[in-house]
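Biologist: Could you walk me through this one? I would like to take it a piece at a time.

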Amino acid sequence: MKGIEAVRAYQEEIIESIPSTIIVLDRGLMILYANRNYYLKSGKKERDVVGQRLDRVFSPMLIEKTRIDEKIRLAFNTCTPFSGGQLRYPGGLFFFYKIHPLKESDMSVRRVMLLMEDITELTRLEEELRDSYVKLENAYSELKEEDETKSYFISTASHELRTPLTVISSYLEMFEDGMLGELNENQYDKLAVMRSQTDHMIRLVEDILDTSRLESRKFKIQKQSIELEDIAKSAIDEMSRLADLKEHSMSLKLSKKPPQIMGDEQRIRQVFSNLITNAVKYTPNKGRIEVEIKDEKRYLLVSISDTGIGIPEKEHKKVFDKFYTVGGKSLTRESERMGLGLTIAKGIVEAHGGKIWVKSEGEGKGSTFYFTLPKGD
């Protein structure tokens, strides 16, 4: 008997040590037992709890709000546990509770156990997290609105700039064609500088407009049957003057004549132009640039390789970001552009259902840009 009593005392000590609140009630909702943790949490004395009905120990408002008395009766009648609910005590205390029927040896239920966990701190953290989320969402909405305003301003300003630039370009063309009188050699030289700078400004404006269209998802492509080989050759020819100045060798490699595909000729030409321009500008003198078109099963694969400055592997995905700088070297300063060429190329390729990426073994070891264009519509 002493052994049984020792085991029972040991079990009672374990129950008393549990940090959760345990209350046992009978069918009349009379409290038969409450563990030590309940008294610590509530500040009540055992004589004021054991032998008392639930509604004399728990506040009537709490019982009415949670209907915990009905849930306890339901657990008695159905012999089914209640999976859980929340109690809120005065003073900002929160408890999560469960109700478990205690079956006798004959499987009848004469008592239920009310198990309560203090979740005050967890609830506080959840509320703080919820408040932080609302603040973050509001901040995001404000930033989005500011970004949309900025994008609208840039787009509008770019449109407004394009009109006078077009007029200036038209008058320059008239001067070049001699329609406004004969020019001497010195005037032609000055006119060439004006033409170069005007064309540069027009390219900058077009870059900004294209980027704005991509961001607002207003970027449209006009598909038709195109010859990728012809577009590549044309782009190489356009860049030959700049390549010759740096004594670059440029070549186009074809394993076989690629089939026609559906695409926007002007936009695909823009991709070739942007990628080849970068290759020429970032390859030291007497470098090599190779354009290759491969006919794969479901798409055409284009690669543009150079022997240029290379790109660190950790920055491969960043090169397509707006205003990207490689290793601290500004693309804007080096290329006299705004660092939007690769961003636009990516948008055009993806608008055609293709992919674009770069590979480079590192700085000083050259780079290869790849992009794919699907064969189907």
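**Around F371**

Modeller: Leaving out the residues within four places of it in sequence, F371 is in contact with V271, F272, L275, L300, L301, V302, V349, K355 and I356. Please keep in mind that this is a predicted model.

Biologist: Okay, and which residues touch the most other members of the largest nonpolar core?

Modeller: Those are F272, I304 and F371, in a core that has 39 residues. At least two residues of this core come from each of helix 8 (228–245), helix 9 (265–281), strand 9 (288–295), strand 10 (299–306), helix 11 (341–351), strand 13 (356–359) and strand 14 (367–374).

Biologist: And what lies apart from it?

Modeller: Another core lies apart from that one, and its 25 residues include V57, F58, L62 and F76.

Biologist: Back to the helices, then: how do helix 9 and helix 11 cross?

Modeller: Two packed helices are described by the angle between their axes and the distance between the axes. Here the axes of helix 9 and helix 11 come within 9 Å and cross at roughly 145°, and the crossing is left-handed. On the helix 9 side the contact is made by R267, I268, Q270, V271, N274, L275 and N278, while helix 11 brings in G341, L342, I344, A345, I348 and V349.

Biologist: What classes of residue are in that contact?

Modeller: Between helix 9 and helix 11 there are eight nonpolar, four polar and one charged residues in the contact.

Biologist: New topic: is strand 1 mostly covered or uncovered?

Modeller: Strand 1, which spans residues 21–26, is mostly covered, with five of its six residues buried.

Biologist: Which strands does strand 1 pair with?

Modeller: Strand 1 runs antiparallel to strand 5 (residues 109–118), joined to it by six bridges, and V24 stands opposite M113 of strand 5. Strand 1 also pairs in the antiparallel sense with strand 2 (residues 31–34), over three bridges, where I23 has A34 as its bridge partner. Strand 1 and strand 2 form a hairpin with four residues between them, and L29 in the turn has a positive phi of about 60°.

Biologist: One last thing, why does Y97 count as buried?

Modeller: Y97 counts as buried because its relative accessibility is 1%, and the cut-off for buried is under 20%. This residue is found in strand 4 (residues 93–103). Beyond four places in sequence, Y97 touches T66, I68, K71, F82, G84, G85, Q86, L87, L114, L115 and M116.

Biologist: And how far apart are Y97 and E117?

Modeller: In sequence Y97 and E117 are 20 residues apart, whereas in space they are 6.3 Å apart, C-alpha to C-alpha.

Conventions: Residues numbered from 1 in each chain as written. Predicted model: local features only at pLDDT ≥ 70, side-chain atom pairs only at ≥ 80, totals over all residues. Heavy atoms only, no water. Buried < 20%, exposed > 50% of the residue type's maximum accessible area, 1.4 Å probe, protein only. Contact = heavy atoms within 4.5 Å. Core = buried A, V, L, I, M, F, W, Y, C linked by side-chain atoms within 4.5 Å. Axes fitted to C-alpha atoms, helices over the stretch in contact; angles between N-to-C directions. Left-handed = near helix turned anticlockwise from the far one by under 90°. Nonpolar A, V, L, I, M, F, W, Y, C, P; charged D, E, K, R; others polar. Pairing = 2+ DSSP bridges.
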